[in-house]
Amino acid sequence: VVIEHDVGYQGEPLYSLYAHLFAMLVQEGQHVESGQPIALTGTTGCSSGPHLHFEVRVGENGYNFARNPVLWMAPYTGTGVIAGRVTFASGNPIHDAPITVIDMDTGRVAFRQGTYAGPGVQPDDAWNENFAIGDVPAGRYLVTSYFGSTTFAGEVTVVPGATAWVDMVRFEATERDE
């Protein structure tokens, strides 16, 4: 199910996509209201199990116009969002770099994911991030990444209900650039 919203974003059309559905409860062209059920979660298509695939698209309803939906949703109570950018020395984003988030109070790994990998998810016009992690409990975190022989790291404090930016700093000067 794809919804074209009545409001846009920065003068562009705004769409939300819901996939891997068991059943659709709306018809093409139907106007829907906020809170109205539109589908039942399922496992159709290329899916590892029942779940909802949610996308936000800006400008056009196409794969290469997707934005990270984490930056469009309110986090759970008591949690926030970490966003950041891992780049080559040239400033260009590094795609598919591993991100590890470590709780500085416990020393435990709290989250693992990767940076956006090439075409597909586009950075937000304002944030210009290449990763965002949602529903992170309030606290202090060390965020690390690497590419080749270069290690990146930054510290961030997550505040409930807010997006925190982490500055990723290079720790080694032997980086192989693009």
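The structure is a predicted model, in which local features need pLDDT of at least 70, side-chain atom pairs count only at pLDDT 80 or more, and totals for chains, interfaces and linings use all residues. Residues are numbered from 1 along each chain as its sequence is written, and side-chain values use heavy atoms, with hydrogens and water left out.

Start with the sheet around strand E7. Strands here are DSSP runs of at least two residues, numbered from the N terminus. Three strands form an open sheet in the order E11-E7-E14, and the pairing is mixed. E11 and E14 are the edge strands, each with a single partner strand, so one side of each has no neighbour in the sheet. From one strand to the next, the twist averages 30 degrees.

E7 meets strand E11 (residues 131-137) in the antiparallel sense, over five bridges. Along this pair, Ala83 stands opposite Ala132 in E11, and Gly80 has Val136 as its bridge partner in E11. With strand E14 (residues 163-167), E7 pairs in the parallel sense, also over five bridges. There, Ile82 stands opposite Ala164 in E14.

How buried is strand E7? Seven of the seven residues of E7 (residues 79-85) are buried, so the strand is largely enclosed by the rest of the structure. Buried means under 20% relative accessible area, exposed means over 50%, and partly exposed lies in between (1.4 Å probe, protein chains only). In a regular strand the side chains alternate between the two faces of the sheet. In E7, Thr79, Val81, Ala83 and Arg85 point one way. Gly80, Ile82 and Gly84 point the other way, and all are buried.

A second open sheet has five strands. Its order is E1-E2-E5-E6-E10, with mixed pairing. Strand E1 (2-4) and strand E10 (121-122) stand at the edges with a single partner strand each, so one side of each lacks a neighbour in the sheet. E1 runs antiparallel to strand E2 (residues 14-19), and three bridges join them. At one of these positions, Glu4 stands opposite Tyr15 in E2.

Now the charged pairs. A salt bridge is a side-chain nitrogen of Lys or Arg within 4 Å of a carboxyl oxygen of Asp or Glu. By this rule the count is three. Arg57 and Glu55 form one of them, at 2.8 Å from N to O. Both residues of this pair, Arg57 and Glu55, are buried.

Asp125 pairs with Arg67, and their closest N and O atoms are 3.6 Å apart. Asp125 lies in the loop between E10 and E11 and Arg67 in strand E6 (residues 66-67), so the pair ties together parts that are 58 residues apart in sequence. Asp125 is partly exposed at 48% relative accessibility. Arg67 is buried, at 10% relative accessible area.

Arg140 and Asp105 also meet in a salt bridge, at 3.5 Å from N to O. Arg140 sits in strand E12 (residues 139-147) and Asp105 in the loop between strand E8 (98-103) and strand E9 (109-114), so this pair links distant parts of the chain, 35 residues apart. Arg140 is partly exposed, with a relative accessible area of 39%. Asp105 is exposed, at 59%.

Leu21 is found in E3, and it counts as buried at 12% relative accessibility. Contact means heavy atoms within 4.5 Å. Leaving aside residues up to four places away in sequence, Leu21 touches Val1, Ala39, Leu40, Thr41, Gly42, Thr44 and Leu52. The C-alpha atoms of Leu21 and Met73 are separated by 20 Å, and these residues are 52 apart along the chain.

Leu40, touched by Leu21, also belongs to a nonpolar surface patch of about 320 Å² with Phe22 and Leu25. Patches are made of residues with over 30% relative accessible area and no salt bridge; like charges are joined within 9 Å, and nonpolar side chains (Val, Leu, Ile, Met, Phe, Trp, Tyr) within 5 Å. Accessible areas come from the Shrake-Rupley method with a 1.4 Å probe, and for residues only the protein chains shown count as cover. Leu25 lies in the loop between strand E3 (21-24) and strand E4 (39-41). Leu25 is partly exposed, with a relative accessible area of 43%.

Technical notes:
Helix = DSSP H or I, 4+ residues; strand = E, 2+ residues; numbered from the N terminus. Pairing = 2+ DSSP bridges. Axes fitted to C-alpha atoms, helices over the stretch in contact; angles between N-to-C directions.
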